[in-house]
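Let's go through some structural labels and ask what each one rests on. Each answer sets a value against its definition.

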Amino acid sequence: MSPCEKHGKASERLVAFEGTDTGRRFLACAEPEGQNCGFVEWVDHQWPPTMQNALLKPWAMVEDSKSARVNDNLESSFTIHHLTEEKNKLEANYDKLVQDVHELMSFQEDRVVDFRYLQDNLTYQQQCRSELLADMKAHMAKKDAEFEKLKQNYEVLLNLTRAQATVIQNLKLKHIKDKQLFSEDKMNLELKNAELTKSEEKLTQEKLELKLQIAELMKAEEKLKENIKGIQAILEK
């Protein structure tokens, strides 16, 4: 047995099963695919022409059978594809019909639910409106009471303000009268002060004149004393 030329390992004995070489033995590389070097060595000689022609007929029949089978498979594939498309369309139509039925049922249920919801909502709104109206009435009553109280307080404040205005007006009138009296008294005092000032000036002038007179009298007295002394001196002689 010839070894593999590339790997140097023992080759594998195989039998051909294709075309005119059907039944011939050969040696091939024993390595798996991907590492196989493609080494081939025929063990049997090539078949004679009659044998080759005899082998060609069954292989031709096999090829025809394969072609017919392929065509049948192709037609079957087209038929299956067409049937599959029809099935998908029917399933889609069925699903659409089921969806439409569900939507119709859901719509009817939603209408019932919406009607109940609207009815409940209307009842709730009426209750809320009644409660709000009651609250507003209570609030208005409270506001009316507060308004009456504020009105009373306003009247009290108004009367108090009027009384204060009267008192202030009377005080102003009294102040004006007192101011007038004070002005008159001030004028009288100023006049009296002016008179006193004049009298004081007059007294000062008279006092000054009196001092001058006293000084003159004292001078006259001194002179008189000197004259008396002179007379006494004359008499003593």
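Q: What makes strand 1 and strand 2 (residues 25-28) a pair?
A: Two strands pair if DSSP finds at least two bridges between them. Four bridges join strand 1 to strand 2, so they pair, and they run antiparallel. Strands here are DSSP runs of E, at least two residues; helices are runs of H or I, at least four; both are numbered from the N terminus.

Q: How do you know where these values come from?
A: This is a predicted model: local features need pLDDT of at least 70, side-chain atom pairs count only at pLDDT 80 or more, and totals for chains, interfaces and linings use all residues. Residues are numbered from 1 along each chain as its sequence is written, and side-chain values use heavy atoms, with hydrogens and water left out.

Q: Why are strand 1 (12-15) and strand 3 (40-42) called edge strands?
A: Three strands form an open, antiparallel sheet in the order 1-2-3. Strand 1 and strand 3 each pair on one side only, so they are the edges.

Q: What is the secondary structure of residues 186-234?
A: That span is 100% helix and 0% strand. Its end C-alpha atoms are 70 Å apart.
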